[in-house]
Amino acid sequence: MELGSVMYPCFVCSRQFEYNPGTSKGHYVKAYEIVVCRTCYLGNWNGWHPKLTSRLIAHLQENGLPIPPLNARKCLPRDG
């Protein structure tokens, strides 16, 4: 692990991953204020999987964040 790195659990899969601004092992998704591992971020390029919808909406409501409109696939957009 590099100096200054922090381990985070992925919001989607709960696996721990190393995150710091100098690496791309994970992503901070500003619209949702979540961190996700690279695998989950890339795997949901066309919108968050429908199984995550209720969890993401609950997270947004708990944090007073706006709920983005669903995309053409009827999914929450990955980047808000």
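Modeller: Strand E4 (34–37) is part of what covers the buried residues of H2. Helices (H or I, at least four residues) and strands (E, at least two) are DSSP runs, numbered from the N terminus. Buried means under 20% relative accessible area, exposed over 50%, and partly exposed in between (1.4 Å probe, protein chains only).

Colleague: Before we go on, what am I looking at?

Modeller: This is a predicted model, where local features need pLDDT of at least 70 and side-chain atom pairs count only at pLDDT 80 or more, while totals for chains, interfaces and linings use all residues. Residues are numbered from 1 along each chain as its sequence is written, and side-chain values use heavy atoms, with hydrogens and water left out.

Colleague: Fine. Which are the buried residues of H2?

Modeller: Leu-56, His-59 and Leu-60. They sit on the same side of H2, because their arc around the axis is only 100°. That arc is taken from the directions from the helix axis to the C-beta atoms.

Colleague: What is Asn-44 in contact with?

Modeller: His-49 and Arg-78, leaving aside neighbours within four places in sequence. Contact here means heavy atoms within 4.5 Å. A polar atom of the Asn-44 side chain is 3.1 Å from the backbone nitrogen of His-49.

Colleague: Arg-78 again. Which residue forms a salt bridge with Arg-78?

Modeller: Asp-79, with the closest N and O atoms 3.3 Å apart. A salt bridge is a side-chain nitrogen of Lys or Arg within 4 Å of a carboxyl oxygen of Asp or Glu. Arg-78 is buried at 15% relative accessibility, while Asp-79 is partly exposed at 43%.

Colleague: How many salt bridges does the structure hold?

Modeller: It holds 2. Another pair is Lys-25 with Glu-18, the closest N and O atoms being 3.1 Å apart. Lys-25 is partly exposed at 38% relative accessibility, and Glu-18 is buried at 11%.

How values were computed
Polar contact = N/O pair within 3.5 Å; in protein donor to acceptor, adjacent residues only side chain to side chain.
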